[in-house]
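Have the viewer open as you read.

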Amino acid sequence: MSFGTIFAILVSVIFVNNFVFARFLGLCPYLGVSKDTSSAIGMGMAVIFVMTMASIVTWPLYRFFLAPFGLERVLRTTSFILVIASLVQFIEMLLQKVNPGLYKALGIYLPIITTNCAILGVAVLNIDTFFKDGKPIAGSYLGSIVQGFGAGLGFTLAMVLMSSVRERMEMANIPKPLQGVPIAFVTAGLMSMGFLGFSGLIK
Amino acid sequence: MSKWQIFKDGIFKNNPVFVLYLGLCPTLATSTTIRDGFGMGLAATFVLLGSNVIVSAIRGVIPRRVRIPCFIVVIATFVTIVELFLAAYQPDLYKSLGLFVPLIVVNCIILYRAESFASKNTVFSSFLDALGMGCGFTLALLLLAFIRESLGKGTLLGYQLIPGFDPVVIMILPPGAFLTIGLLMGFFNRGKSKAETPKPKCH
């Protein structure tokens, strides 16, 4: 798989089709956690890690256990979500044992991530992009992993951008009904407009 | 609480989108046209009904420690039913809803209601709660879709509204969704004191 293709995947999933600003995925944690930059970065790191791991694990699941048996339509959703939920549990336990410092830093965000639509979203997106009629296309596995990693990066970018703006907004004089979530959405809308500028970048 | 109250709360007092801030990802993504919004609303309501009823029916036998994975399996089963149904009988709708059909399984509304209501109440109450929440969700989607489609495409359900009207294309693009929902939320929040302003629950 050429460097050019990898670069194209990354640019596409971080900028052109940013998970938050273009695909509307991962909005719930985005709203809850993006109030200050340090927690935004922490959440972002956790999401990058889980998304990459999820991509690494769900690809073989689809390729070797679902597609060959014609089960891809019936069991895809159920098996993916169960695998992702167990993966997050497993990562939590592993991290607690192996790297308690990192666990403490990421710890509270990990359970939150299970119902994050972005994780299941990236798993399903990998299948849609890199499989044709149940058969993987060239460079499928690496492409999926790169896309998962990139999606996490894009999500982190969106979170960090948002948190920097929200930190400033704490001091601003916002009308009462708009305080909190509504103004966050309006701000996200303006940022999303900015990201629209990237469309057409990737053929 | 009367049965009628359970149903009504789901639409107004506990509206999942504008009060509880749940299920925001699919709300923004599928409200481009009224047809898509209505389709998503019906699909999510079906899953919600199924999962609330089943979870309530088996609430006595699920061990507490594994209840979340159990709920997820139940929900994923209903989502798979919807996926297969839509793919077979409504392929156009299935294509426009795209990624968000399997993502109904991580729609926070469904898991949240299973955990906080269905696992603690009778089957009939859970059924009414699901119906109310589903209606509330669908109405929110329709409201958003009404605004976005009429301004962004100049049509309603495909029928041209004002001939020669140059549509505000941004409304059907992501920024339009963010701005509309932010302003709508602000509108619904007016008259509420700071203490009553809802905080995002779903993470």
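Is the crossing of H3(A) and H8(A) left-handed or right-handed? It's right-handed. Keep in mind that this is a predicted model.

H3 covers residues 37-66 of chain A and H8 covers residues 140-169 of chain A; their axes come within 8 Å, with a crossing angle of roughly 165°. Angles over 145 degrees count as roughly antiparallel, so H3(A) runs roughly antiparallel to H8(A).

What sits in that contact? Sorted by class, the residues where H3(A) meets H8(A) are 17 nonpolar, 11 polar and 1 charged.

## Where the chains meet

On to the interface: 38 residues of chain A are in contact with 38 residues of chain B. On the chain A side, helices H2 (27-33), H4 (72-98), H7 (117-130) and H9 (181-196) each put in at least two residues. H9(A) gives the most, with 10 residues.

## The nonpolar core

The largest nonpolar core has 113 residues, and the members touching the most others are A:Ile119, A:Leu120, B:Val47 and B:Ile75.

Take A:Ile119 as a case to click on. Setting aside neighbours within four places in sequence, A:Ile119 is in contact with A:Val50, A:Met51, A:Ala54, A:Ile84 and A:Ile113.

Methods. Residues numbered from 1 in each chain as written. Chains lettered and ligands numbered in written order. Predicted model: local features only at pLDDT ≥ 70, side-chain atom pairs only at ≥ 80, totals over all residues. Core = buried A, V, L, I, M, F, W, Y, C linked by C-beta atoms within 7 Å. Buried ≥ 20, exposed ≤ 12 C-beta atoms within 10 Å, placed from the backbone. Contact = placed C-beta atoms within 7 Å. Helix = DSSP H or I, 4+ residues; strand = E, 2+ residues; numbered from the N terminus. Axes fitted to C-alpha atoms, helices over the stretch in contact; angles between N-to-C directions. Parallel < 35°, antiparallel > 145°, perpendicular 65-115°, else oblique. Left-handed = near helix turned anticlockwise from the far one by under 90°. Nonpolar A, V, L, I, M, F, W, Y, C, P; charged D, E, K, R; others polar.
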